[in-house]
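Hi there,

Here is the structure I promised to pass along. Have a look at it first, and my notes follow below.

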Amino acid sequence: MSISASEWGALLPVAIPALAGSLIPLAALDRDQETVKWVRGGAFFIALLGLLGSFLYVSRLWGTGAQPTFGHLRMDLLAQFSAIFVLVAAAMTVLQLWDHLHHEGWVKGESLALLMLSVAGMLVFTATTNLVTLFLGLELLSIPLYALTAQVRLRASALEGGLKYFLTGAVASACFLMGVVLLYTVTGSFELPRVASALRGLGPDPLALAGMALVLLGFLFKVSAVPFHQWTPDAYEAAPHPIAGFMSVATKGVAFIALIRVFPWALGDGTAGEPKVKAALALAAAATMIVGNLVALHQSSVKRMLAYSSISHAGYLLLGLLAGTPQALTGMLFYLVAYLAMNLGAFGLLTALGLVGDQTGFDRLRGQGWKRPGLGIAAAICFLSLAGIPPTAGFYGKYFIFKELILTGHVGLAVLGVLASLVSVGYYLRVLKALFLEKPVEAEERQAAEQPQVLAPLAGATVLVCAFITLAGGFFQGPLVQRFAERAIAETLKVLP
């Protein structure tokens, strides 16, 4: 079968990281101790080169307006936006992994290979309007993450967290697939436009409603929405810090972007099950914001606090989906970009400070803001943005969503979202208090004085970059929204009826 140049244009963004992921294990076969450093450097170089190549190609597509297709893959502007989002998150993760895995003493080539394959799955997941291909992308992005969560096999908590993630993920995938089967039974198609058209012509069919519910369940699991959130704290705590940050940002991001394709047009507006779907979304959003924020207040570990924080942010994003207007969906995309910067900066702080394993308590941060002021200020910007403090990007992301909620009549949920954000200020300020207002524990001070200072220049640089993006998104949110988020959403509205 010959593939045209246009079809190659749709395949290349996925093929480049997949090829890089296939080459990395070959480089890792070299066990010669004299060349091990070069082999490790080569593996990281291949990963970054693959991400850069795919990024440059997708950026070229975006600049020219080209939207190539291949089979069920549709590299439209929403898919291109998602690809740039994922590739930037993956590149920052690779840079942080270089420092973190060396600190932890666990540098394995398969870690990068699995990450690259997960990236390829994410690009497939957001670039298709076919439910079967959507499921294949979901599995390709998920299975490597199960292994990455448990990759440090010397820690029992890593194996426990990875197993929990795998078992719950398998159940969610099975529910998603069953929902796809039921929708096919009712509509006779796997293509989202045809499924949408058929559902709008049906009455209150129980099979259609069950299929919609099961597909929605699979998405809610991936975004860590309540009550499908139980795996999140343990999985994030088990995974290396950069991998936990990547899961919190990239997995959640692509799940919401795929939801923009599927809901509300295909499985929401105009269908007989629309009121029930929206009621389920509203209930899930409210519960997610309440549980995520209240439980985060009582955490003694920064990493577990960030895990529950990521749950609460899923609630805010679900509110945008519930509003459903083009402006609300545009706000969701802007919020995801802001979330990428501020959350990767927050997780990157742990690596930049040399904290590995279970050393993620708030007491480990005491006084670090004065010892390393540049890193401390950058981290403060990221945490203030997570709390929604102006003029950061996090504030404007929430503002766009809450405004559309009020305009669409969901005033109660908007008020709940504002109150939830106020609660989150409490636990985010705990981090700043530890960084700048608390003195280090004397025993840890003595131990630190006897050991050489941990250096993590790449992780520190990513935190600085994240802080810059967070501030830039706050001060220049208008041009960013108009040139990127609005453009992607406008094109998607033309594709889906």
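**Salt bridges and other findings**

Asp234 is partly exposed, with a relative accessible area of 22%. Please keep in mind that this is a predicted model.

Asp234 has two partners worth a look. Its side chain meets that of Arg304 in a salt bridge (3.2 Å, N to O). Arg304 lies in helix α12 (residues 302-323) and Asp234 in helix α9, so this pair ties together parts that are 70 residues apart in sequence. Arg304 counts as buried, at 18% relative accessibility.

The side chains of Lys164 and Asp234 also form a salt bridge (2.8 Å, N to O). Here Lys164 belongs to helix α6 (residues 156-187). Lys164 is partly exposed, at 32% relative accessibility. A network of salt bridges links Glu160, Lys164, Asp234, Glu237 and Arg304.

In the whole structure, the search finds five salt bridges. One of them joins the side chains of Asp76 and Arg261 (2.6 Å, N to O). That pair links distant parts of the chain, 185 residues apart: Asp76 sits in the loop between β2 (73-74) and α3 (77-104), and Arg261 in helix α10 (residues 241-262). Both Asp76 and Arg261 are buried.

There is a nonpolar patch on the surface too, formed by Ile406, Val411, Val415, Val418, Leu419 and Leu422, with about 530 Å² of accessible area together. Helix α17 (residues 411-436) gives the most to this patch, with five residues. Val415, found in helix α17, is partly exposed at 44% relative accessible area.

Finally, helix α5 (residues 131-149) is mostly covered, with 14 of its 19 residues buried.

Best wishes

Conventions. Residues are numbered from 1 along each chain as its sequence is written. This is a predicted model: local features need pLDDT of at least 70, side-chain atom pairs count only at pLDDT 80 or more; totals for chains, interfaces and linings use all residues. Side-chain values use heavy atoms; hydrogens and water are left out. Buried means under 20% relative accessible area, exposed over 50%, partly exposed in between (1.4 Å probe, protein chains only). Helices (H or I, at least four residues) and strands (E, at least two) are DSSP runs, numbered from the N terminus. Patches are made of residues with over 30% relative accessible area and no salt bridge: like charges are joined within 9 Å, nonpolar side chains (Val, Leu, Ile, Met, Phe, Trp, Tyr) within 5 Å. Accessible areas come from the Shrake-Rupley method with a 1.4 Å probe; for residues, only the protein chains shown count as cover. A salt bridge is a side-chain nitrogen of Lys or Arg within 4 Å of a carboxyl oxygen of Asp or Glu.
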